[in-house]
Amino acid sequence: MATVDLKDVRKVYAGGVEAVKGVSIDIPDKALCVLVGPSGCGKSTLLRMIAGLETISSGTVSIDGKVVNTVGPTERDIAMVFQNYALYPHMKVYDNMAYGLRNRGTPKDEIDRRVRDTAKTLELAHLLDRRPRELSGGQRQRVAMGRAIVRNPKVFLFDEPLSNLDAKLRGQMRVEIKNLQRSLGVTSVYVTHDQLEAMTLADVLVVMNGGLVEQAGAPLDIYEKPASTFVASFIGAPPMNLIALSGNALPEGTKLVAPVPPSAATLGFRPEDVELADAVHDAADGMDLEAQVEAVEPVGAESFLYSATGGGRIVVRVPGRAIAQPGDRLRVLVPVDKLHWFDQAGKRVS
Amino acid sequence: MVETPAAVTPAKATSTAAVLGRKEDGAMLGVSRSSRYIAHVILILGIVIVAFPIYYTFVASTHTLQTILRPPLPLIPGDQFFENYSEALFGGVGRIGGVAVSTLLFNTMVVALAIAIGKIIISILSAYAIVFFRFPFRMVFFWVIFITLMLPVEVRIMPTYKVMSDLGLIDTYTGLTLPLMASATATLLFRQFFLTIPGELVEAARVDGAGPYRFFKDILLPLSRTNIAALFVILFIYGWTQYLWPLLMTNRNDMNTIVIALKKMISFADADTQWHLVMVTSMLAIIPPILVVLLMQRWFVRGLVDTEK
């Protein structure tokens with residue numbers, strides 16, 4: 001039950017490396033904020049600054065309206081789930097979960113009640129007497145969650161908690177984390193480099209790159225209106241097709257009914273916004289692009305056609321089985337309203 | 001080129017079958033029966049070679065002085081077991097001023113335990129400071145500790161003796177143990193172990209509200225258990241077998257350690273030496289280290305092979 005506000009937060013390491021270059025984010029109460037970005041973009045550093053594990057070079061971090069820059073991690077009343085779970089290897093599951101409460105001087109019967117309640121919620125009740133090494137990856141993950149939940153903190157912090165699980169378990173845990181976070185109503189900050197995790201979990205999605213926020217907002221807004229070529233290529237799988245324009249002119253083999261915006265330097269469109277030209281769609285009212293199929297990737301429900309065009313390589317997504325073969329020539333149609341334009345600096349042109 | 005794989009496959013198949021066949025015979029790892037016998041013969045020979053002198057010492061410790069001095073010494077134990085052992089343990093040995101071996105055992109036990117426990121406490125604390133805390137000149141301290149590796153007691157024995165004698169610590173347990181406690185080796189060992197503890201674990205403890213003392217007590221100590229046990233065994237034996245330093249530090253016979261006393265018991269003149277008591281003392285001197293190794297074996301091996309993470 002708390003808001004988390006970052007104001008122009010910076011982190012400069014002793015060597016002069018600036019990991020976070022002034023980030024401001026307001027996370028509303030009960031929201032799940034996901035920080036997403038490539039490795040080294042500063043997202044983990046930012047999370048650790050919120051946790052109090054890393055000092056803040058400048059700017060302020062406030063939890064529940066109070067500036068906590070100089071407050072230690074214990075007093076910030078946060079709980080953190082680590083990438084490698086960081087369970088205490090010599091303690092039983094019960095003690096792992098109870099440790100934080102004991103250090104806070106919670107009465108014994110209260111600890112017992114809370115640990116058992118939490119274990120029940122997470123279906124860990126039968127594992128309380130085991131040690132971490134006797135648990136599977138998924139179970140360890142649950143214990144790490146339990147250790148966070150049992151304390152009933154103001155803020156949950158997740159540092160890539162699912163990256164050590166296999167794909168199937170990751171999907172399950174993702175849904176579980178989302179449900180748990182919603183039912184507990186605890187403000188959360190979640191760091192990941194997986195854009196799918198980011199899209200599905202986030203109430204507020206923050207895309208970071210090079211220590212700066214590229215774009216923040218609702219996941220689908222970001223998906224539909226990426227603010228930069230970086231966001232466009234980072235969010236969505238496969239990423240948005242980007243075609244460089246040579247001085248405002250479309251590459252060879254491309255026709256467009258609408259005018260190109262004057263400052264545009266890059267043209268983008270999502271692989272799923274594409275239609276293949278056939279007799280019916282021949283007269284398109286959007287962009288018309290010639291492409292040659294280089295590789296076909298069937299994944300069952302859909303197929304991806306990797307194709308070469310005059311403006312570079314693009315991916316086209318078609319439902320079901322692909323009819324095209326490598327070497328086939330395609331005509332790719334994109335409606336005008338599905339085209340994204342970016343300027344020289346990579347910023348979106350509206 | 002095409003024929004090669006075809007030629008390899010049947011050969012592979014037969015060798016696999018052969019290994020499986022041997023496994024059915026009960027031999028482990030495909031070792032044949034005869035080579036197992038050879039291995040055992042070699043092992044038994046080795047044990048005999050190592051154990052025979054100890055057995056012979058035991059035999060000598062159960063005969064009278066006259067029997068020992070009149071060769072050859074019998075190969076089977078004599079009938080003086082209780083007489084010799086009780087004389088040595090409680091009666092006192094003439095050549096070392098009538099001090100009983102029980103006193104020597106007590107002295108040596110105190111010295112070995114103090115050195116082992118003292119070393120472990122000092123080194124685990126200094127390793128804790130060096131690994132987990134950022135303080136000015138941290139690396140300087142680390143290197144200073146590291147350099148002492150090159151200065152064992154023997155090298156700095158004169159100045160150390162001077163300091164100890166100026167402090168009036170000759171013939172005291174403090175004097176016997178204190179200079180041997182500061183240990184670079186144990187500090188380095190703990191440092192290496194602490195460095196393998198993941199940073200996330202430290203951070204999880206911080207988030208869980210564990211301060212430096214709690215982290216040390218609740219997390220670091222339990223995790224170091226096996227390392228401490230292994231180190232204890234090594235250091236106990238190191239303390240038990242100390243020779244040069246106790247030789248310098250003790251003048252009074254009743255402050256001797258057993259190794260020193262043993263040396264003092266032996267005279268140049270053969271007839272002057274109470275050989276039966278020397279043998280008894282030798283036997284008694286090796287029992288405690290053996291016990292420590294046997295009792296701590298399980299922990300010791302675990303400490304050397306895994307770190308339980």
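**Figure 1. R270(A) lies over the face of Y223(A), at 4.1 Å from the ring centre.** This is a predicted model, in which local features need pLDDT of at least 70, side-chain atom pairs count only at pLDDT 80 or more, and totals for chains, interfaces and linings use all residues. Residues are numbered from 1 along each chain as its sequence is written, chains are lettered from A and ligands numbered from 1 in the order written, and side-chain values use heavy atoms, without hydrogens and water. A charge sits over a ring if NZ of Lys or CZ of Arg is within 6 Å of the ring centre and within 35 degrees of the ring normal. The charged end of R147(A) sits over the ring of Y88(A), 4.9 Å from its centre.

**Figure 2. F132(B) and F215(B) form an edge-to-face aromatic pair.** Their centres are 5.4 Å apart, with 70° between the planes. F132(B) belongs to helix α5 (residues 101–132) and F215(B) to helix α11 (residues 212–240), so the pair ties together parts that are 83 residues apart in sequence. Helices (H or I, at least four residues) and strands (E, at least two) are DSSP runs, numbered from the N terminus. Rings of Phe, Tyr and Trp (its six-membered ring) pair if their centres lie within 6.5 Å; planes under 30 degrees apart are stacked, over 60 edge-to-face, and the rest tilted. F215(B) is buried, at 5% relative accessible area (buried is under 20%, exposed over 50%, partly exposed in between, with a 1.4 Å probe and protein chains only). Ring pairs link a cluster that includes Y128(B), F190(B) and F216(B).

**Figure 3. The largest cavity holds about 60 Å³ of space.** On a 1 Å grid over the protein atoms alone, a cavity is a set of points where a 1.4 Å probe fits but cannot get out; a pocket is an open set with protein on both sides within 12 Å along at least five of seven lines; lining residues have an atom within 4 Å of a point. Grid points join across faces, edges and corners, and a volume is the space filled by probe spheres set on the points. R147(A), A204(B) and D208(B) are among the lining residues. Helix α4(A) gives the largest share, three residues.

**Figure 4. The largest pocket has about 610 Å³ of space.** It is lined by 29 residues, and L53(A), F132(B), V202(B), E203(B) and R206(B) lie nearest its centre. Helix α10(B) gives the most, five residues.
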